[in-house]
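I set out to record the overall build of one protein chain and the setting of two of its residues. The model is shown first.

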Amino acid sequence: MSQTYFVVALSVACFYSILSTFATLSAIKKPSSSAILLLNLAIMDVLMVGIVASATGAGGGVAYLGLKGNKDVRWRKICDIYDKFCRHTGGAIAVSLAASVILVLLSIISIFSLYKRIR
């Protein structure tokens, strides 16, 4: 279930990034109404950071269980059996973590740009 959440959350963030790019390009062409647009984009950027970070955590938790297992409930490690799947999952978690960091940096840039426009 959390792997489904992982994929859906990252897909939503990707779709938002595409929409955000088009909205930013339109704001460059018409700078008169861009302060409101920048405020909305900054709020949505922070929301996307939260969604991507939570998806990364959920996927990482499942990946950790697959890697180490859980002795208390007698869940065995599955990465010994499904090595290729675990490598792909680990790569996806690493890319998602990098995306989270990049989204935080982009959110900071967006908020700083909004601050400069308002001030």
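My entries follow, from the whole chain to single residues.

**Basis.** I worked from a predicted model, in which local features need pLDDT of at least 70, side-chain atom pairs count only at pLDDT 80 or more, and totals for chains, interfaces and linings use all residues. Residues are numbered from 1 along each chain as its sequence is written, and side-chain values use heavy atoms, with hydrogens and water left out.

**Fold.** I looked up the secondary structure of the protein chain and found three helices and zero strands; helices are DSSP runs of H or I with at least four residues, strands are runs of E with at least two, and numbering starts at the N terminus. The order from the N terminus is α-α-α.

**Dimensions.** I noted a C-alpha trace spanning about 60 × 20 × 20 Å along its principal axes. The radius of gyration is 19 Å, whereas a compact globule of 119 residues would have one near 14 Å; the radius is taken over C-alpha atoms, and the globule rule is 2.2 Å times the number of residues to the power 0.38.

**Contacts and surface.** Of the contacts with a separation of 6 or more, 75% join residues 24 or more positions apart; contact means heavy atoms within 4.5 Å. The chain exposes about 8,500 Å², of which carbon and sulfur atoms supply 72%, by the Shrake-Rupley method with a 1.4 Å probe.

**Annotated spans.** I consulted UniProt, where an unreviewed entry places "transmembrane region" at residues 6-25, 37-67 and 92-115; such annotations may be inferred rather than shown by experiment. Residues 6-25 are 100% helix, with end C-alpha atoms 29 Å apart. Residues 92-115 are also 100% helix, and their end C-alpha atoms lie 34 Å apart.

**Threonine 89.** I located threonine 89 in helix H3, residues 83-118. Threonine 89 counts as buried because its relative accessibility is 11%. Not counting residues up to four places away in sequence, threonine 89 touches Gln3 and Ala63. I also checked valine 62, 27 residues away along the chain, and its C-alpha atom is separated from that of threonine 89 by 9.5 Å.

**Serine 100.** I found serine 100 in helix H3. Its relative accessible area is 9%, so serine 100 is buried. Leaving aside neighbours within four places in sequence, serine 100 is in contact with Val52, Ala53 and Thr56.

Technical notes. Buried means under 20% relative accessible area, exposed over 50%, partly exposed in between (1.4 Å probe, protein chains only).
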